[in-house]
Amino acid sequence: QQQQQQQQNSAVAQQEARRLFARARKYSTSAQDIAKALNAVLYVNGSYAAFNQTGQSYVYNRVFVMGHPLWAGLANNSQAEAIVSTMKQADMWTKYGIRSTSSADPRYSNANEIKPYSNWRGPVWINANAMLAYGFNRYGFSSEAQQLAQQITDLLAADITNSHTWHECYNSENGSGLAAPGFLSWNTVGAILQDDISAGTDSFALVPPSALHVV
């Protein structure tokens, strides 16, 4: 009877494993399809753009999310090189990290605000920069990733030293904290970011870096 129960349990486990494998394969296929569509439609003139479905037109704003497909492994190697080059330009990269919006954008602002919305029109955001650093590292741009990780860690260290706390985001012109004093959340990635970059790991990753990388 015990042996029969073990056989039944084994059969159930195998059935569940097959079900999960089929589900994983389905989502993997969907992910590859999304990657192909993104590169076919949204990669324009050396960077990723947005597309306004209502107006059926492209939106070419220079913002931090241009680099996030690298974190997700959606770009091919030549696209990654072009995107890193774009992010390194002076309107995006500062000594405090990468701006959320280009300084050349007419709406660029480092206003200290959180209501009605947090300011993503210029300040440096730790979560966005961490994803960019991980993305750079994923495609072999290790020096850029290390530099960005160092800048973000220094920015957080300076905030603790000067204000004895952290903030939601940071002025991209002078590194001062903006909004939500006492903010923690994703800022805590500063404790491991440099070690992650050096080790080639990504604490934000849901799957191993090699699982989805379009080449």
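**Labels and their grounds**

Me: What separates R19 and E16 in helix α1 (residues 2-41)?

Reply: About one helical turn, because R19 and E16 are three residues apart in that helix. A helix here is a DSSP run of H or I with at least four residues, a strand is a run of E with at least two, and both are numbered from the N terminus. Bear in mind that this is a predicted model: local features need pLDDT of at least 70, side-chain atom pairs count only at pLDDT 80 or more, and totals for chains, interfaces and linings use all residues. Residues are numbered from 1 along each chain as its sequence is written, and side-chain values use heavy atoms, without hydrogens and water.

Me: Why do R19 and E16 count as a salt bridge?

Reply: The label needs a side-chain nitrogen of Lys or Arg within 4 Å of a carboxyl oxygen of Asp or Glu. R19 and E16 come to 2.7 Å, N to O. That is within 4 Å, so the label holds. Side chains of opposite charge can pair when their charged atoms come close.

Me: What makes R19 partly exposed?

Reply: Its relative accessibility is 43%. Buried means under 20% relative accessible area, exposed means over 50%, and partly exposed is in between (1.4 Å probe, protein chains only). R19 therefore falls in the middle class. E16, at 34%, is partly exposed too.

Me: How do you know that D91 and R62 meet in a salt bridge?

Reply: The N to O distance for D91 and R62 is 2.7 Å, within the cut-off. D91 lies in the loop between α3 (77-87) and β5 (93-94), and R62 in the loop between β4 (57-59) and α2 (68-72), so the pair ties together parts that are 29 residues apart in sequence.

Me: Is D91 buried or exposed?

Reply: Buried, because its relative accessible area is 13%. R62, at 26%, counts as partly exposed.

Me: What makes E144 and K88 a salt bridge?

Reply: The closest N and O atoms of E144 and K88 are 3.2 Å apart. E144 lies in helix α5 (residues 142-163) and K88 in the loop between α3 and β5, so the pair ties together parts that are 56 residues apart in sequence. E144 is buried at 12%. K88 is partly exposed at 44%.

Me: What else is E144 in contact with?

Reply: Leaving aside neighbours within four places in sequence, E144 is in contact with V84, K88, W93 and F136. Contact means heavy atoms within 4.5 Å.

Me: How many salt bridges are there in the whole structure?

Reply: A search finds six.

Me: Which residues touch the most other members of the largest nonpolar core?

Reply: L70, M87, I98, F136 and L148, out of 41 residues. α1, α3, α4 (126-138), α5, β7 (169-170) and α6 (193-199) each supply at least two residues of this core. α4 gives the most, with seven.

Me: Why is it called a nonpolar core?

Reply: Because the term means a set of buried Ala, Val, Leu, Ile, Met, Phe, Trp, Tyr and Cys residues joined through side-chain atoms within 4.5 Å. In soluble globular proteins, nonpolar side chains tend to be buried together.

Me: What does M87 touch?

Reply: Not counting residues up to four places away in sequence, M87 touches V63, F64, M66, G67, M92, W93, I98, L132 and F136.

Me: What class does N77 get?

Reply: Partly exposed, because its relative accessible area is 45%. N77 is in helix α3.

Me: How many helices and strands does the chain have?

Reply: Six helices and eight strands. Buried residues make up 42% of the 215 residues.
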